[in-house]
Amino acid sequence: MRGLDALQPFGNPRFSLYFAGQVVSNTGTWFQNLALSLVILDLTGSAQALSAVTIAQFTPLLLLAIPAGRVADRFRPRTILLATSSGSVLVATGLAAAIVADATDLRVIYGLVFVLGCINTFERVAAQAIIFEIAGPGTLTRAVSISTIALSAARSIGPGLAGLAFAGLGAAWCMVINAASFLVVLVAVACIRPSRLHPRPRLGQAHKRAAGTPLRNRDFVTILVVNSAIALLAMNMMVVITSSVTLGFSGDATMVGAAHALNAVGAIVGGMLAATPVSVSMRSLVWACGGFGLALLANAAAPTLAVFLVIAPILGVGIGYYQGILQAAAQASVPPVQLGRAMSLVTLGSYGMAPLGAFFMGWVIDVTSWQTSMLIGGGAALACAVFVRARTNTG
């Protein structure tokens, strides 16, 4: 059945183990993110102060994404993931200790988040590069699209569980749970035997001219432009959705968790749709950007919190389909020897723009409204659809 073709990568036990670890890790991250967001909003009442968490978390990507790509091309991604998971356990534990110590100086929290962001830069690039080694070239496109669902699956359960944990246990325990999730990833990666992975050429084994650069690839450059623009203006969901519910509709932590969870349910559906075809094309990215833009505009029109929650899955479908298509198209557009560097550039666009986007959207929400932030994002996504179509027609 065609609808079940998207599940083909799960026939590989190594991919299933990797996917499960990513779901657990991303779920744990939601415990940390939601707890920090609510603590900072409670202390400051400012969306810009909240955006500073995103800035501290993702600024390292602007500095380290390119070096992380070269590291991922020179060393086995499995080795990198073992190191980054260990480091993340220590930093997340440090955040828990800071909360327990009642550190009202936000610079301590921002500093620890910055360190975790440095570690996560190498983790994100390696986590993308290892998919080729786990799945091989035959099922790469579907495996990449399915891997994006790990984020959505975590968002479907993470915010709701995090909201309950925050209300019942407090912020410090949310950090402890996040530390435990990194430990699960460490065990999952350690269980993947290196001998069962597909070989991938290393940068050090290839002549520089033969290795080339992904920036000479027209389709890949188009993907980078779209990725950066949408990440800057349309993908700041932690700031936008959280601020929409709390500052716009006066919702509580449970409602924040529900909004993110409902959005994530739709994203799982969108990711499955993206994983159905054997391969993707640049025309697929046109539809992905256009659908995402229309979904943002629909959510911006919500008059009440109830309506906002009802249509949240529509935005999720747009996000999931867009992310699945973009990631699959990016990996398919470059040879295996360039995957580390290519995905470091994609990661730089996806997360490196997040600090600027979070600061800008926090300012927009404080000065105008949450609706304006979604209107800007929707317009940017639709403009990217036109851009991809034009580049495809003239290519």
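These exercises work through salt bridges, a surface patch and a nonpolar core in a predicted model.

**Exercise 1. Which side chain meets Asp73 in a salt bridge, and which helices hold the two residues?**

Step 1. Find the partner. The side chain of Asp73 meets that of Arg341 in a salt bridge, at 3.0 Å from N to O.

Step 2. Check the cut-off. A salt bridge needs the nitrogen within 4 Å of a carboxyl oxygen, so this pair qualifies.

Step 3. Asp73 lies in helix α2, and Arg341 lies in helix α13, residues 339–352. The pair therefore ties together parts that are 268 residues apart in sequence.

Step 4. Recall the general idea. Side chains of opposite charge can pair when their charged atoms come close.

**Exercise 2. Are Asp73 and Arg341 buried or exposed?**

Step 1. Take the cut-off: buried means under 20% relative accessible area.

Step 2. Apply it to Asp73. Its relative accessible area is 0%, so Asp73 is buried.

Step 3. Apply it to Arg341. Its value is 11%, so Arg341 counts as buried.

**Exercise 3. Where do Arg76 and Glu133 lie, and how do their side chains meet?**

Step 1. Name the link. The side chains of Arg76 and Glu133 meet in a salt bridge, at 3.3 Å from N to O.

Step 2. Arg76 is in the loop between α2 and α3, while Glu133 is in helix α4. They are 57 residues apart, and the pair links distant parts of the chain.

Step 3. Look at accessibility. Arg76 is partly exposed, at 28% relative accessible area. Glu133 has 0%, so it counts as buried.

Step 4. Check the total. The count comes to 2 salt bridges.

**Exercise 4. Which residues form the nonpolar patch on the surface?**

Step 1. List them. The patch consists of Leu62, Leu63, Phe114 and Val115. Together they have about 340 Å² of accessible area.

Step 2. Trace them to helices. α2 (47–74) and α4 (106–135) each supply at least two of the patch residues.

Step 3. Take one member. Val115 is found in helix α4. Its relative accessible area is 39%, so Val115 is partly exposed.

**Exercise 5. Which residues touch the most other members of the largest nonpolar core?**

Step 1. Start with the core. It has 106 residues. Ile230, Leu285, Phe292, Phe308 and Tyr322 touch the most other members.

Step 2. Find the main contributor. α4 gives the most to this core, with 13 residues.

Step 3. Follow one residue. Leaving out residues up to four places away in sequence, Phe292 touches Ile230, Met235, Leu315 and Tyr322, among others.

Step 4. In soluble globular proteins, nonpolar side chains tend to be buried together.

How values were computed:
Residues are numbered from 1 along each chain as its sequence is written. This is a predicted model: local features need pLDDT of at least 70, side-chain atom pairs count only at pLDDT 80 or more; totals for chains, interfaces and linings use all residues. Side-chain values use heavy atoms; hydrogens and water are left out. Patches are made of residues with over 30% relative accessible area and no salt bridge: like charges are joined within 9 Å, nonpolar side chains (Val, Leu, Ile, Met, Phe, Trp, Tyr) within 5 Å. Accessible areas come from the Shrake-Rupley method with a 1.4 Å probe; for residues, only the protein chains shown count as cover. Helices (H or I, at least four residues) and strands (E, at least two) are DSSP runs, numbered from the N terminus. Buried means under 20% relative accessible area, exposed over 50%, partly exposed in between (1.4 Å probe, protein chains only). A nonpolar core is a set of buried Ala, Val, Leu, Ile, Met, Phe, Trp, Tyr and Cys residues joined through side-chain atoms within 4.5 Å. Contact means heavy atoms within 4.5 Å.
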